[in-house]
Structures are given as C-alpha cells and as structure tokens.
Amino acid sequence: MIDISRADIESKFLMDLDAETRFIKLPIEGYMDLLGITPNSSQTAIINAINNPKYRFVTAAVSRRQGKTYISNIIGQLVCLVPDSHVLLMSPNYSLSQISFDLQRGLIKHFDLEVIRDNAKDKVIELSNNSTIRMGSINQVDSVVGRSYDLIIFDEAALTDGRDAFNVALRPTLDKDNSKAIFISTPRGRNNYFAEFYYRGYSEEFPEWAAIKATYHENPRVSEADIKEARKTMSEAEFQQEYMADFNVYEGQIWAFNHEQCIADLTDFETRNMDVFAGLDVGYKDPTAFCVIAYDWDEEKYYLVDEYLDSERTTEQHASQIRKLIQKWDIDYIYIDSAAQQTRFDFAQNYDISTINAKKSVLDGIGQVAGVVDNDQLIVHQSCRESLMALDQYQWDPNPNLMKERPKHDGASHMADAIRYAIYTFETTATSF
C-alpha cells in the first residue's frame with residue numbers, strides 16, 4: 001500500500017508535465033532504462049511528487065529495502081546534469097552521507113561524466129557543467145550553509161533531530177523559485193521532526209508538502225519467505241517499524257504513551273486544589289530539563305502542564321527560567337537529580353530555589369512511570385513538545401554488551417529523566433509530606 005497526500009500515484013511517471021513545468025528537466029525514463037532499472041511503485045511515487053510543481057517538500061516514510069536512498073540519488077544526479085545546479089546530500093552523520101556520496105560517484109563513473117573537482121576534504125564533487133554535489137551532516141550543519149541549493153536530500157531523516165538544521169540553517173538556502181527538499185526514512189516513532197514533516201503532507205496548512213508512505217508490499221523483490229523469517233526473528237514493534245513504515249511503534253520504546261487519548265489542551269488548566277511538583281535533570285554539556293506536573297487526588301491523574309529544556313546556559317539563566325515556572329504554577333516540590341548537589345546548593349543559596357533529592361533508581365523509576373502511562377493516568381499539554389518527544393522516543397539501549405538493561409542516553413533521555421524523577425519520587429514519598 002502507498003499512502004500519499006495530494007500527490008498523484010500512477011504506475012507510470014507523470015507524463016503531462018513539460019520540461020519547463022517539471023522539476024527533473026531531463027527525461028528520467030530514458031536515464032533509468034540505461035541503468036536497467038524498473039522503478040517500484042514507491043520510487044515512482046517519489047519521482048511524481050518531486051516533479052509535481054505543487055510541492056516543494058516531499059517526505060517519504062518507506063519500509064526497508066525499497067531503494068529510497070538510490071532513487072533519491074538518481075533524482076539528485078539528474079538535477080546536476082542541468083548546468084549550474086547544486087545538490088546537498090544530508091544525513092545524521094558523515095558515515096551515512098558517505099553512502100549517498102559514493103552512489104553519486106558510481107553514477108558519475110557509469111555515465112562517464114566529466115568531473116573537474118572531487119575533493120574528499122571539502123566533501124564536494126564539481127562537474128564540468130559547474131554543477132556541484134555536496135555532502136553534509138546534520139550534526140555539523142554549519143559547514144554547508146551560506147550557499148544556494150536546487151535540491152537537498154535528507155536521508156535517514158528519522159535517526160536524528162534535524163528540525164533546527166532544516167528550519168534555521170538549510171531552508172534559507174532553498175532560495176530559488178523551484179528549489180526542493182526530499183526527506184526519506186523508515187519511521188522511528190511519531191514525536192520527531194520527520195513525523196512532523198510527514199504529517200504536514202496531510203494538512204491544508206502546508207500546501208507545499210507531500211507525504212508518501214510505502215510498506216514492504218510495494219517491493220516486488222521481497223519474498224514471502226523473507227517476510228516469514230522477519231516475523232519470526234523480530235519483535236512485533238520492530239516488524240511494524242521496519243516493514244510496515246508504522247509511526248505508532250518504536251523498537252525498544254520504553255513507555256507506551258497513548259497519544260490518541262492522553263494529549264490535551266491544558267492552556268487554562270486549573271491546578272488550585274492539586275499538588276504541583278516538578279522534575280529537574282541538570283545538564284552540563286547536555287541540556288537541562290525541567291517539567292511541571294500537577295496531581296489530581298480525586299481523579300488519580302497526573303497532568304504535565306509545562307516544561308523547560310535548554311543547553312549551553314549558565315546556572316543563573318536556568319534558575320531565572322525555573323523561577324518563572326515556580327511563580328506561574330505555584331510549584332510545591334522540585335525533585336532534582338541527586339547527583340547534582342552543587343547545582344542544588346547554588347539554587348538554594350543564590351536563587352532561593354529549594355529542591356529535594358529525587359529517588360534515582362533507574363529501573364524502578366521507569367517501572368513506576370510505566371504503570372502511570374499504561375493506565376492513561378498521565379495527560380500532557382499539547383504544546384509540551386519535548387515531553388511528548390521523550391515519552392515517544394525514550395528507548396532501551398540496544399548495546400548487547402551491557403551487563404544490565406538501561407535506557408539509551410540521547411536527546412530524549414533528558415526530559416524523560418526529569419519526568420521519571422518527578423513521578424517516581426512523588427509517588428513513593430508524597431504521603432510522608
């Protein structure tokens with residue numbers, strides 16, 4: 001099955017667009033014939049969406065082994081066959097970007113294109129027609145800004161948070177009338193920038209965005225034997241993620257938060273008769289995370305009403321933001337990471353912010369929060385993006401060499417720790433206050 005918003009899905013390429021109208025100026029059918037390739041339906045969908053003048057941004061959630069990276073690079077090279085065109089290949093890191101860069105080299109060699117520069121240090125290939133293919137990394141996006149691109153390809157987009165890299169750094173580089181971007185990946189949960197961009201394809205607020213979803217059924221090369229083997233050797237969540245391109249599951253996901261029932265607009269939420277407390281995970285090189293939670297004793301529900309997350313700030317700057325939230329919500333207790341004793345002392349001594357050491361047993365705390373989440377007792381304000389992302393993306397570390405199970409330390413873990421400190425400590429100590 002393919003699911004695409006506001007874009008035509010056909011068994012053949014869109015033929016009613018002339019060269020002036022379509023994005024890929026050269027005839028892609030002949031090019032692929034020379035490569036001996038018959039595109040599958042998901043690849044055709046990507047080609048049709050990028051060629052359609054209605055769309056500038058194409059997000060393709062595609063299951064494994066569909067050739068999504070390959071077809072995107074074919075599109076990229078066809079763009080560069082037009083003189084003075086510029087393509088940027090982006091991935092979460094340079095190792096993944098190198099896959100696309102090597103594909104470009106292979107296609108250049110196959111068609112014996114004249115190259116005037118292939119600089120590994122600068123990570124750029126320049127063709128004799130003055131077109132360039134440049135390689136970048138989301139983690140070091142500053143190295144590819146300051147230029148103008150005709151096409152940016154974001155491969156494995158769901159593997160890292162590229163929201164700011166695109167919105168702040170790279171979207172301004174798509175400054176030509178017909179410049180476009182492709183985001184391709186297998187989904188990794190529903191609260192990340194790739195999922196956000198994908199769902200834009202279904203919103204009338206974003207008419208320039210197209211969304212494509214393709215499961216393993218669209219791959220004619222996949223065998224039933226392979227599918228049966230995958231079902232035997234994978235968890236159901238991993239199979240749904242990898243073969244069904246499902247945003248609603250995430251392999252290794254720690255908390256099964258109910259996104260359909262437990263997200264609400266808490267803008268005018270009244271907490272007067274509730275206990276209001278907070279969790280604080282102190283970051284040094286990592287972000288500092290702070291979440292505000294109210295507990296309704298009658299309903300036996302927690303309401304996550306506000307949050308703060310920032311990095312590279314001084315203790316004074318963090319304290320200033322936390323004091324604003326204390327005053328706004330009249331917070332009763334702040335449960336702080338018990339390893340952050342210097343920060344706890346500084347907050348009390350210099351900023352009159354009193355805190356309580358959180359209970360830090362990781363697995364016990366995860367289990368306590370899981371009990372709350374599984375019973376739909378945690379309601380989260382719809383604007384608390386970092387908390388929603390943490391509840392979705394917090395996952396077990398897949399390292400097989402670990403002596404015992406532990407969560408993965410990544411962008412989701414900081415707010416997840418703050419939530420864990422708050423709920424676990426409150427649940428196990430609140431009756432003693």
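How are α1 and α3 oriented to each other: roughly parallel or oblique? They are oblique.

## Basis of the model

This is a predicted model, in which local features need pLDDT of at least 70, side-chain atom pairs count only at pLDDT 80 or more, and totals for chains, interfaces and linings use all residues. Residues are numbered from 1 along each chain as its sequence is written, and side-chain values use heavy atoms, with hydrogens and water left out.

## Helices α1 and α3

Two packed helices are described by the angle between their axes and the distance between the axes. Helix α1 spans residues 28-35 and helix α3 spans residues 68-80. Their axes lie 11 Å apart, at an angle of about 120 degrees. Axes are lines fitted to C-alpha atoms, for helices over the stretch in contact, and angles run from 0 to 180 degrees between N-to-C directions. Angles under 35 degrees count as roughly parallel, over 145 as roughly antiparallel, 65 to 115 as roughly perpendicular and the rest as oblique. Helices are DSSP runs (H or I, at least four residues), and strands are too (E, at least two), numbered from the N terminus.

From α1, the contact draws on Ile-28, Tyr-31, Met-32 and Leu-35. From α3 come Tyr-70, Ile-71, Ile-74, Gln-77 and Leu-78. Contact means heavy atoms within 4.5 Å. Eight of these residues are nonpolar, one is polar and none is charged. Ala, Val, Leu, Ile, Met, Phe, Trp, Tyr, Cys and Pro count as nonpolar, Asp, Glu, Lys and Arg as charged, and the others, Gly among them, as polar.

## Helices α9 and α10

Helix α9 (residues 315-329) and helix α10 (residues 341-351) cross at roughly 70 degrees, and their axes come within 11 Å. That makes α9 roughly perpendicular to α10. Thr-315, Glu-316, Ala-319, Ile-322 and Arg-323 of α9 meet Asp-346, Phe-347 and Tyr-351 of α10. The contact has four nonpolar, one polar and three charged residues.

## Two buried glutamines

Gln-66 sits in the loop between β2 (57-62) and α3. Gln-66 is buried, at 1% relative accessibility. Buried means under 20% relative accessible area, exposed over 50%, partly exposed in between (1.4 Å probe, protein chains only). The side chain of Gln-66 makes a polar contact with the side chain of Ser-42 (3.0 Å). A polar contact is a pair of N or O atoms within 3.5 Å; within protein, one must be able to donate a hydrogen and the other to accept it, and residues adjacent in sequence count only if both atoms are side-chain atoms.

Gln-241 belongs to helix α8 (residues 236-244). Gln-241 is also buried, with a relative accessible area of 3%. Its side chain makes a polar contact with that of Glu-242 (2.8 Å).
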